[in-house]
Amino acid sequence: MIASVRGTVVATGPDHAVVEVGGVGLAVQCAPGTLAGLRVGTPARLATSLVVREDSLTLYGFADDDAKALFELLQTASGVGPRLAQAVLAVLTPDEVRKAVANADTATLTRVPGIGKKGAERLVLELRDRIGPVPVGADGAAGVTGGNWPEQVRQALVGLGWTAGQADQAVAAVAETVDGETPPVPVLLKQAIRLLGRTR
């Protein structure tokens, strides 16, 4: 229904951005990796997917059409709603999701909060034939590093359900591993989630 939005970013939050289009501010739910590439006051284009519920209209935004297509495909699997589909894309790149599903790599899929072993097996079973081409040699390291990555990662972890204290500890642990050039925010977020997964 609303396939994309293009306009000026007027605000960002832990899980959303407000994009002004023709004088109207649209609140768009975004994963941390997408938010990392947005700057308040600058123009942006987001591929979008409108999720209609009885009591709400929610617009989800993505850096590109590939991520949007995968978000919509994930929701065709039983038990996967828009929040879980977005959580998958917050932890894994589209290429990593395709490789995990194609290779029945449930260990990778269970790194996503909210997906257990049975849920991962169901994703593989239901999506394997529809996941599309799997890239060769993709390492999933694409992304944008924000100057304030600790806060972005912290907010993302809290948004995914961890406490502020747990998020602070994970960010501090990840910060100790950063030496030289800072990796992209999605990569840092994955490291933090891995650390927290061990302490649960």
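Two strands count as paired if DSSP finds at least two bridges between them. Helices (H or I, at least four residues) and strands (E, at least two) are DSSP runs, numbered from the N terminus.

The model is predicted: local features need pLDDT of at least 70 and side-chain atom pairs count only at pLDDT 80 or more, while totals for chains, interfaces and linings use all residues. Residues are numbered from 1 along each chain as its sequence is written, and side-chain values use heavy atoms, with hydrogens and water left out.

**View A. The five-stranded barrel.** Five strands close into a barrel with mixed pairing, in the order β1-β2-β3-β5-β4. From one strand to the next the twist averages 55°; axes are lines fitted to C-alpha atoms, for helices over the stretch in contact, and angles run from 0 to 180 degrees between N-to-C directions. Helix α2 packs on the sheet, where it touches β4 (43-53) and β5, and its direction makes about 10° with that of β4. Contact here means heavy atoms within 4.5 Å.

View B. Strand β1 (residues 4-12) runs antiparallel to β4 and is joined to it by five bridges. Within this pair, Gly7 has Ala44 of β4 as its bridge partner. Strand β4 is also antiparallel to β5, through seven bridges, and Ser49 is partnered there by Tyr60 of β5. β4 and β5 form a hairpin, with two residues between them. Strand β2 (residues 16-21) pairs with β3 in the antiparallel sense over six bridges, and His16 stands opposite Gln29 of β3. In a regular strand the side chains alternate between the two faces of the sheet.

**View C. Helix α3 against the strands.** Helix α3 lies across β3, β4 and β5, and runs at about 15° to β5. Nine of the 10 residues of α3 are buried, that is, under 20% relative accessible area, where exposed means over 50% and partly exposed lies in between (1.4 Å probe, protein chains only). Among the buried residues of α3 are Pro82, Leu84, Gln86 and Val91.

**View D. The second largest pocket.** This pocket holds about 280 Å³ of space. Of its 15 lining residues, Asp15, Arg83, Gln86, Gly159 and Leu160 are the closest to its centre. A pocket is an open set of points on a 1 Å grid over the protein atoms alone, where a 1.4 Å probe fits, with protein on both sides within 12 Å along at least five of seven lines; lining residues have an atom within 4 Å of a point. Grid points are joined across faces, edges and corners, and the volume is the space filled by probe spheres set on the points. β3 (24-30), α3 (82-91) and α7 (149-159) each supply at least two lining residues, and α3 gives the most, with five. The lining divides into nine nonpolar, four polar and two charged residues. Ala, Val, Leu, Ile, Met, Phe, Trp, Tyr, Cys and Pro count as nonpolar, Asp, Glu, Lys and Arg as charged, and the others, Gly among them, as polar.

**View E. Two loop alanines.** Ala63 is found in the loop between β5 (56-62) and α2 (65-74), and counts as exposed because its relative accessibility is 52%. Leaving aside neighbours within four places in sequence, Ala63 is in contact with Thr34, Arg45 and Leu46. Ala104 lies in the loop between α4 (94-102) and α5 (106-109). Although not a glycine, Ala104 has a positive phi of about 55°; its relative accessible area of 34% makes Ala104 partly exposed.
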